[in-house]
Amino acid sequence: MAHQVTLIPGDGIGPEIMEAALRVLEATGVAFDWERFDKIGTSALDEYDDPLPDHILESIRSNKTALKGPVTTPVGEGFESVNVQIRQELELYANVRPCKTLPGVETPFDDIDLIIFRENTEGLYAGIENYDERLEIADSIARVTRSGSERIIRFCFEYAKKHGREKVTLAHKANILKISTGLFLKIGEEIAPEYEGELEFEDRIIDNMAMQMVMYPDQYDCVVTTNLFGDILSDLGAGLVGGLGVTAGANIGDDAAVFEAVHGSAPDIAGEGKANPTAVLRSAAMMLEHLDEQPAADAIECAVEGAYADGSVLTPDVGGNASTMEFAEHLADRISDQIS
Ligand code: NAD
């Protein structure tokens with residue numbers, strides 16, 4: 001049975017990296033029935049007068065799974081980010097960002113393997129903002145709810161247990177933001193005893209956590225935190241293992257999941273055929289795992305690790321001179337060799 005999945009290539013380098021991802025997915029032999037939407041963001045605004053038309057959300061709701069490329073958001077003015085809208089409309093509350101060392105990619109550390117779990121729908125990104133023109137005062141409210149905190153913290157513990165991880169670290173600022181992130185910490189402390197004997201639990205104040213992650217990243221395993229802190233820590237984690245071009249991401253809710261590269265649409269190199277598809281490919285591997293296609297997910301990870309360790313066919317951003325599609329063909333060959 002083919003998996004029915006919504007496909008959103010996005011804009012900028014999105015269509016190029018998605019073509020590469022489709023070639024590599026084809027090599028795994030897993031069958032997909034793609035429901036494809038090429039118009040989103042600016043192109044959808046032109047065609048449908050809406051950057052995120054309802055038919056895209058309906059497709060994700062009905063297929064429950066989507067593979068998505070980056071979508072450009074106008075800076076300062078214009079429409080709200082469709083990426084944020086998708087996460088909020090579909091309640092994709094868990095942003096999962098694995099940060100794992102890739103052999104051959106030069107970084108300050110050799111053996112990093114940690115996962116950031118970011119609450120994706122509330123906190124300072126809840127959209128509760130106010131500007132008092134007379135007093136010239138801007139307010140943004142960080143909304144932390146019991147139900148929102150419970151579901152992301154529990155998600156992190158369950159994921160850690162299922163994947164044989166050892167420790168959960170909860171990052172907060174409960175010394176200063178005593179009420180909002182204090183609630184998040186309190187709920188973490190309530191849930192942790194349910195996993196006693198299976199998973200260690202500790203907490204860290206966010207500023208210390210940032211320093212610890214840079215100095216001693218091997219001390220961390222699964223890190224769960226609120227929206228803004230998670231946004232920053234997950235990019236810090238990506239920086240530790242080679243940057244946004246190689247880091248996967250998933251946005252997961254109870255009813256749907258969207259897998260996407262964490263980088264943006266890279267307008268500076270769009271159309272040049274030299275974008276690195278590794279991030280979207282590793283997101284596609286996370287999607288395969290989500291769809292219970294673990295051997296195919298492992299085959300992609302293994303091909304990516306092999307290609308980087310070998311280093312002869314890589315895209316320019318990581319020191320090679322292969323085009324996006326040459327790199328994809330190379331990975332497809334590696335996967336075919338593994339399967340045969
Ligand atoms: P960006 O990630 O697009 O680019 C930052 C730098 O990294 C650029 O120099 C770019 O060339 C390079 N880069 C990024 N991905 C690459 C890849 N796969 N291969 C090679 N090089 C790569 O960040 P930005 O410039 O801040 O954002 C551009 C646009 O993307 C903005 O409109 C932003 O809102 C949007 N964006 C979308 C998403 C998403 O769709 N989830 C995420 C982040 C940013």
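Modeller: Tyr 216 sits in the loop between helix H7 (206–215) and strand E10 (222–225). Helices (H or I, at least four residues) and strands (E, at least two) are DSSP runs, numbered from the N terminus. This is a predicted model: local features need pLDDT of at least 70, side-chain atom pairs count only at pLDDT 80 or more, and totals for chains, interfaces and linings use all residues. Residues are numbered from 1 along each chain as its sequence is written, and side-chain values use heavy atoms, with hydrogens and water left out.
Biologist: Is Tyr 216 buried, exposed or partly exposed?
Modeller: Tyr 216 counts as partly exposed because its relative accessibility is 36%. Buried means under 20% relative accessible area, exposed over 50%, partly exposed in between (1.4 Å probe, protein chains only).
Biologist: Switching to H10: which of its residues are buried?
Modeller: Ala 296, Ala 297, Ala 299, Ile 300, Ala 303, Val 304, Ala 307 and Tyr 308. They lie on the same side of H10, because they cover an arc of only 160° around the axis. The arc is that of the directions from the helix axis to the C-beta atoms.
Biologist: And what is on the face turned away?
Modeller: That face of H10 carries the exposed residues Pro 295 and Ala 309.
Biologist: What comes just after H10?
Modeller: Gly 311, with a positive phi of about 75°.
Biologist: Which loop holds Lys 64?
Modeller: The one between helix H3 (54–63) and strand E3 (65–68). Lys 64 has a positive phi of about 70°, although it is not a glycine.
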